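Let's take a walk through this model together. Have the sequence and the 3D view open side by side as you read.

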Amino acid sequence: MLNNFPLWPVQASTIARSVDALYIFLLIVTGMMTLLIFICLVYFAARFRYRPGVPAVQIDGSHALEITWSTIPFLIFMVIFAWGALVYFKERTPPADATEVYVVAKQWMWKIEHAEGQREINQLHVPVGRDVKMIMTSQDVIHSFYIPAFRIKQDVLPGRYTVEWFRATKPGTYHLFCAEYCGTQHSGMVGDIVVMEPAQYETWMNGGSTGPLSATGEKIFAELGCSTCHRTDIQGRGPNLHGVFGKPVQLEDGRTVTADENYLRECILDPGAKRLKGFQPIMPTFQGLVTEEQVNALVAYIKSIAAAKGEAAKASASAAAPPAQENAQTNALANGSQVQ
Amino acid sequence: MPNPIPQPAMPQPAIAPPVERENYLNAKYGVWSWLLTTDHKRIALLYLLSITFFFFIGGFFALLIRLELLTPAGDLVQADTYNKLFTMHGMVMVFFFLIPSIPAVLGNFLVPMMIGAKDLAFPRINLLSWYLYIIGGVMMLHCMLTGGVDTGWTFYAPFSTNFTNTKIVEAGLAIFVAGFSSILTGLNFVVTIHRMRAPGMTWSRLPLFIWAHYATSIIQLLGTPVVAVTIVLVAAERALHLGIFDPKLGGDPLLFQHLFWFYSHPAVYIMILPSMGVVTEIIACFSRKRIFGYSFVAFSSIAIAVFGFLVWAHHMFVAGMSVYAALVFSLLSYAVAVPSAIKVFNWTATLYKGSIHYDAPMLYAFGFLGLFTIGGLTGLFLSALGINVHVTDTYFVVAHFHYIMVGGAVMGYLGGMHFWWPKISGKLYPEGWARLAALIVFIGFNLTFFPQFLLGYMGMPRRYYDYSHMPEFQILNVLSTAGATVLGVGYLLPMVYFLWSMRYGKPAPDNPWNAAGLEWKTPSPPPTFNFDEEPVVTWEAYNYDELDSPDKGAPHKEEVPVAR
């Protein structure tokens, strides 16, 4: 048992390094505070223990001391706060060109679909050194996608997308846990994150794929008859969806929102909620008619026809195949961390 | 305040009374004299019996949880049973033990006495509080015996509203009813502290125990209605399918979390503030000193109560909230840490140049200081957004809140029970056993919960009944389970020797610790109306210099030969 008795979790992502650095800083700071208090307690307790004939000396207090021991901890707290916030912003801001993976959680499994079309259950294969962004939703209750080795966690909610990202730095197999209690087999909702060398990953990716997710989405788009209104050649009864994703759109009620994944999802499932300016409320809801996976495919398709034009095309191209030089660099980093 | 009720013509006893004085315990006999009493001291004892009962039920669940986690495989109970065990452990301990513990037992007993009043402002409402608690408790027991609940004590929607088929509505109603008990106790304390202080008992002369209870009562009054509303909404969605929390019905699951934590975060302060009050009294008495920075300790209680209402969403940093909201709640969480730090520093400074005695209550107070410090400082980790993402919903959180709510609140409660036991029962408990129990609790507690910090940072999630996927976590779990056994022994000991002392303990003098405070200026146990004459306060709180000065009589040690 002692052979596998670690006291520190594996550090396998770029974020893990930032989190661990802050954690070590906090261990030192709070360790010093604890030591200060405990030394005072023990010293006072021993030095001022009851002795017959030696009365206690009454002291009312000291404003100077009160101000000192309120201000200094407060300033230290502010440093911790700011540092913690910086790490959090990094955790919560996926890079624009990250590879996308769709995650659908249900009691009690993780269904994962790569943008390239690979499907997995309770497993996620990713290459080392590449930014991976997970777009996640739940079919039933709240779950939470937690990878301790990457120090990341994000609740997965029904009815909307939440996003989480990482860049793995070290090949290996790591735990995937559901961290939000979700019922009977909550503790069985676990899996593996398999981080591979890019070459191995390409081999894995090319085996058994059913084509990219956006192609599946295009098929569904045609089958459900979306394309009769959302025409791609001329303006139909519904908006032309080319180039919509990621752009601000104006709504009928005057608001302007960004057409992100959550917006597209809402438009499919509840079209009346945020209707585009200039269009009639004629689109039916697809709530209950499409599965979460199909919604993901549709979203991936609409994103792909936005990315097909202009600079977005470049971004997706570089995400799909990072330049060789960058790869070499990240490999070196990964090897370096292994040596440590 | 005039004293309209003249004391009955009772012969004032001489120095050594040949017969027992009339007191609140022997004033009347029979079951109904207890069940229909409006005496705050008797109601305190009713609470003591009932919360002890629930404490051991909750503790039994905890023991089963720890036994299940001894091995990675889920081999002791079924998954559903385990889920019910941790749910019931949380609900029983939070709503039926910790929240009522110090306020309803020690607060009930001491608040009127400490301010020189005959009773609480509304004695019948006080009795009603206990009945509401008991009704809620019986409903909870019924719910447990007929199937229980498996959502965790947090009731997260939509799992609780549309997915589990366990007894959500029943458990919710039990908490709803018990919640009114808590609200009424808070109301009673606020009115009593405002209106019934003895002549001369100004706000700045109040014992800090009273300040702590005042702050607690405000939270109970303002926070508890919100959880009541939340329970009603859960029941409405569950029973009537109104779309409130479940997105499938058009609701928002984050709304539930906001409502739930708006009460349940301040509820942590309902548990810890009274304990801080207890520890303040003990430290002053056993270091024979006025509390260092009285007004800072008093107002830090109020500050904790106020700021405590502004930090609830720090439970939701990974829940899908906006990053900017997270930023605000993280900042405010650090703000609430400052008054807690002020308290710890003032307690420590009080020891400086004191004349420190190591009786059992003081050992519990030292235990409190150590455990609360660790619990508080690990709160800094959790408030740091970047770290929170990794450790939230892991054993790190479990360890953190047990350090506060068990290490802090229960240590304080036990310290207070020892400190005031002579007053409550009129008997002295065996000091040696009490010191031993304090030591066992301290060691057992750390052995149980410290390994959980390590488990948490390594990534073990909460509420896992089976960790065969990650057997590397076993050794720390074994340590934790071993510690829980030690802790269980530590908790059983006081119950045994308190009961023993009621029959065999030596009679307690009126003021065995030579402590300051009005509750010590009345007989042990006190008469039904607390004071034979209405006290008039002419001294400041914690006037230990006067109590210990040679011209005022014998110093501390020689006056109390019986206690040691």
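## Where the two chains meet

A:Y50, A:Y88 and A:Y181 supply 9% of the area that chain A buries against chain B, more than any other three residues. If you'd rather count residues, 87 from chain A are in contact with 93 from chain B, where contact means heavy atoms within 4.5 Å.

A quick word on ground rules: this is a predicted model, local features need pLDDT of at least 70, side-chain atom pairs count only at pLDDT 80 or more, and totals for chains, interfaces and linings use all residues. Residues are numbered from 1 along each chain as its sequence is written, chains are lettered from A and ligands numbered from 1 in the order in which they are written, and side-chain values use heavy atoms, with hydrogens and water left out.

How many salt bridges are counted between chain A and chain B? The count is one, and B:R290 and A:D60 make a salt bridge through their side chains, at 3.0 Å from N to O. The rule for a salt bridge is a side-chain nitrogen of Lys or Arg within 4 Å of a carboxyl oxygen of Asp or Glu.

Polar contacts turn up too: the rule finds 27 residue pairs across the interface of chain A and chain B, both residues at pLDDT 80 or more. A polar contact is a pair of N or O atoms within 3.5 Å; within protein, one must be able to donate a hydrogen and the other to accept it, and residues adjacent in sequence count only if both atoms are side-chain atoms. On the side of chain A that touches chain B, the largest share, 18 residues, comes from α2(A). Helices (H or I, at least four residues) and strands (E, at least two) are DSSP runs, numbered from the N terminus.

## Helix α8 of chain B

Now find α8(B), residues 253-286. Its 34 residues reach 50 Å from first C-alpha to last, close to the 50 Å expected at 1.5 Å a residue; the expected span is 1.5 Å times one less than the number of residues. α8(B) also has a kink of about 35 degrees, centred on B:W261. The bend at a residue is the angle between axes fitted to the seven residues ending there and the seven starting there.

Is α8(B) largely enclosed or open? It is largely enclosed by the rest of the structure, because 30 of its 34 residues are buried. Buried means under 20% relative accessible area, exposed over 50%, partly exposed in between (1.4 Å probe, protein chains only). Just after the helix, B:R288 takes a positive phi of about 55 degrees.

## A glycine inside α8

B:G277 sits in helix α8 of chain B, and is buried, with a relative accessible area of 1%. Leaving aside neighbours within four places in sequence, B:G277 is in contact with B:L208, B:F209 and B:A212.

## Helix α4 of chain B

α4(B), residues 123-145, has buried residues including B:W130, B:Y133 and B:M140. What covers its buried residues includes α1, α2, α3 and α6 of chain B. After α4(B) comes B:G147, whose phi is positive, near 140 degrees.

Notes: Buried area is the accessible area (1.4 Å probe) that two parts lose on being put together, summed over both.
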